[in-house]
Amino acid sequence: MNLNELIRKNILELHPYSCARNEFQGEASVFLDANENPYNSPLNRYPDPLQIELKEQISKIKNVPVENIFTGNGSDEAIDLLYRAFCEPNHDNVVAIEPTYGMYKVCADINDVEYRKVMLNENFDIEAYRLIDATNVRSKIIWLCSPNNPTGNSLNRTELHKILKWFRGIVVIDEAYIDFSTGGSFSSFLSEYPNLVVLQTMSKAWGNAAVRLGMAYGSAEIVNVLNKIKYPYNVNILTQNAVVEALQNPEQMHEWVDKLLVQREFMIKELEKYNFVNHIYPTDANFILVKVKDANSLYKYLVKKSIIVRNRSNVSLCENCIRITIGTPQENKILLDELKRY
Ligand SMILES: *Cc1c(COP(=O)(O)O)cnc(C)c1O
């Protein structure tokens, strides 16, 4: 794979905006270069545009070198930037599994890029050759999500490796739910596959959805391209500080995950008892996809009881499916009790 052939020509030739904090990096005592207000420290200063301290913390915990880490305003920023870096509007295309996370399609539409769907099989799993068959010379990205949303299962790792070997474009594996899963991260294969991009987020297991921080791991060349086209100060200082602090305490995250996994197994056992539940799909994430007799009626009933679950009935292969996020033991019990009265 030649990355320069994949990158859009205008992006390859782009001279990025050079901010004050890019031009001078280092220790100094008087900063009169960025038209900042000298008062209201520390919020008066522009934050580090490359978020180095934050990336050093991520690097330690995730075992990914700093140069292979991009951080953005949620994973959603990285998803959008990957389109803008690699996909020529109205010309290139991407291939994605279906059903999956909705943002890959929304960002394709925003960027005017053709989005080719390849249905998962009856086990909600992939077959590498079918994804490759859907590509052509204009295919720049294959979108994969493991554990997948909304199905909850992890994708077959052997097939993932085949796609990484066979496809000459970028292969994105979105691992938003990896901390709930028993399989390891594909980030350990970054040096093996120059076309691999792994997405992770602080929004789920780390309990920091409001803070907005997503990570993209990839070759230094790919990370450089994303850095070149991002907003200069895409991650604000409040977010950088909050995430550095959260990362000091991975035990907290593991404790939450352990609790949620216990609750997940409890919920599966309980939900199986209801006669309107037709099927509970295997899950590797902090949610369960449940096929019921009538998802629309169940959803409306729960809304009346002021409980909100996700009705996925209109999603391909998910007819009459409800996606239930695992909550606290009390929240889960409230749901189960209301379902008894349904
Ligand atoms: C929740 C989720 C994300 C998280 O997106 P952020 O912008 O980081 O909050 C990413 N991918 C998938 C598949 C998700 O379900």
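Helices (H or I, at least four residues) and strands (E, at least two) are DSSP runs, numbered from the N terminus. The model is predicted, and local features need pLDDT of at least 70, side-chain atom pairs count only at pLDDT 80 or more, and totals for chains, interfaces and linings use all residues. Residues are numbered from 1 along each chain as its sequence is written, and side-chain values use heavy atoms, with hydrogens and water left out.

Most residues other than glycine have a negative phi, and most peptide bonds are trans. Glutamine 51, which is not a glycine, has a positive phi of about 50 degrees. Glutamine 51 is placed in the loop between helix 3 (20-23) and helix 4 (52-62). A cis peptide bond runs from serine 146 to proline 147, with omega near -5 degrees. Proline 147 belongs to the loop between strand 4 (139-145) and helix 8 (157-166). The bond from asparagine 149 to proline 150 is cis, with omega near 15 degrees, and proline 150 is likewise found in the loop between strand 4 and helix 8.

The ligand is surrounded by 14 residues, of which Asp174, Tyr177, Thr201, Lys204 and Arg212 are the closest; a residue is near a molecule if one of its heavy atoms lies within 4 Å of it. By class, this shell comprises five nonpolar, five polar and four charged residues. Ala, Val, Leu, Ile, Met, Phe, Trp, Tyr, Cys and Pro count as nonpolar, Asp, Glu, Lys and Arg as charged, and the others, Gly among them, as polar. Asparagine 149 places a polar side-chain atom 2.8 Å from an oxygen atom of the ligand. An N or O atom in the side chain of aspartate 174 is 2.7 Å from a nitrogen atom of the ligand. For tyrosine 177, a polar side-chain atom lies 2.6 Å from an oxygen atom of the ligand. The ligand taken alone exposes 390 Å², and the protein buries 94% of that (Shrake-Rupley method with a 1.4 Å probe).

Helix 11 (residues 250-271) packs with helix 13 (residues 329-340) at an angle of about 5 degrees, with the axes 11 Å apart. Axes are lines fitted to C-alpha atoms over the stretch in contact, and angles run from 0 to 180 degrees between N-to-C directions. The two helices are therefore roughly parallel to each other (angles under 35 degrees). Gln263, Phe266, Met267, Glu270 and Leu271 in helix 11 meet Pro329, Asn332, Leu335, Leu336 and Leu339 in helix 13, where contact means heavy atoms within 4.5 Å. Seven nonpolar, two polar and one charged residue make up this contact.

Note on methods. A polar contact is a pair of N or O atoms within 3.5 Å; within protein, one must be able to donate a hydrogen and the other to accept it, and residues adjacent in sequence count only if both atoms are side-chain atoms. Angles under 35 degrees count as roughly parallel, over 145 as roughly antiparallel, 65 to 115 as roughly perpendicular and the rest as oblique.
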